[in-house]
Amino acid sequence: MSTLTTRCPHCQAMNRIPTERINDVATCGACKDKLLDGKPIEGTTENFLSLIQGDKPVVVDFWAPWCNPCVGFAPIFEDVAAERSGDIRFVKIDTEAQQALAAQYRIRSIPTIMVFKNGQMVDTINGALPKGQFEQWLNQALTKA
């Protein structure tokens, strides 16, 4: 049985989830909050493929801590993640810590936002957006493929 290891977005505890249960409502073993919904998940080379293979669409924010537009966009990304909890999974990938993923997806500018469905990228956009424009772009991206 393969597992997905993810950090709880609430208490930062590490948790393992069987990959065949990725679409179930997983809760943190430490704080009992939801692991995969409501807040962005920390994407890593170890868990990313499992995260994008699930039934739910996945929105990925490739960012870096030194990037002012990335830092400014983070609260918008978190707000939309909370509002769309249960329907869409949100993932943040720190391009400094996860350089292999940044290279694999050819990230040349940040923030870069990508939408995946069933493991396939269906849309991408570069740059921080105001909340209304981000939601509009996301709604259009979700209708693709």
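Analyst: In this predicted model, α2 passes α4 in a right-handed crossing. Helix α2 spans residues 68-83 and helix α4 residues 131-142; their axes are 10 Å apart and meet at an angle of about 50°. Angles under 35 degrees would count as roughly parallel and those from 65 to 115 as roughly perpendicular, so this one falls in the remaining class, and α2 and α4 are therefore oblique to each other.

On the α2 side, the contact is made by Phe-73, Ile-76, Phe-77, Asp-79, Val-80 and Glu-83. Helix α4 contributes Lys-131, Phe-134, Glu-135 and Leu-138. Sorted by type, the residues of this contact are six nonpolar and four charged, with no polar ones.

Helix α2 lies across β4 (58-63), β5 and β6 (112-117), and runs at about 160° to β5. Helix α4 touches β4, β5, β6 and β7, and its direction makes about 30° with that of β6.

The sheet itself is open and has five strands in the order β3-β5-β4-β6-β7, with mixed pairing. Strands β3 (41-42) and β7 (120-126) stand at the edges; each has a single partner strand, so one side of each is left without a neighbour in the sheet.

Asp-61 and Lys-92 form a salt bridge, with an N to O distance of 2.8 Å. Asp-61 belongs to strand β4 and Lys-92 to strand β5, and the two are 31 residues apart, so the pair links distant parts of the chain. The structure holds three salt bridges.

Most residues other than glycine have a negative phi, and most peptide bonds are trans. Arg-106, which is not a glycine, has a positive phi of about 55°, and its place is in this loop. Pro-111 lies in the loop between α3 and β6 as well, and the peptide bond from Ile-110 to Pro-111 is cis, with omega near -5°.

Notes:
Residues are numbered from 1 along each chain as its sequence is written. This is a predicted model: local features need pLDDT of at least 70, side-chain atom pairs count only at pLDDT 80 or more; totals for chains, interfaces and linings use all residues. Side-chain values use heavy atoms; hydrogens and water are left out. Axes are lines fitted to C-alpha atoms, for helices over the stretch in contact, and angles run from 0 to 180 degrees between N-to-C directions. Helices (H or I, at least four residues) and strands (E, at least two) are DSSP runs, numbered from the N terminus. Angles under 35 degrees count as roughly parallel, over 145 as roughly antiparallel, 65 to 115 as roughly perpendicular and the rest as oblique. A crossing is left-handed if the near helix is turned anticlockwise from the far one by less than a right angle, and right-handed if clockwise. Contact means heavy atoms within 4.5 Å. Ala, Val, Leu, Ile, Met, Phe, Trp, Tyr, Cys and Pro count as nonpolar, Asp, Glu, Lys and Arg as charged, and the others, Gly among them, as polar. Two strands pair if DSSP finds at least two bridges between them. A salt bridge is a side-chain nitrogen of Lys or Arg within 4 Å of a carboxyl oxygen of Asp or Glu.
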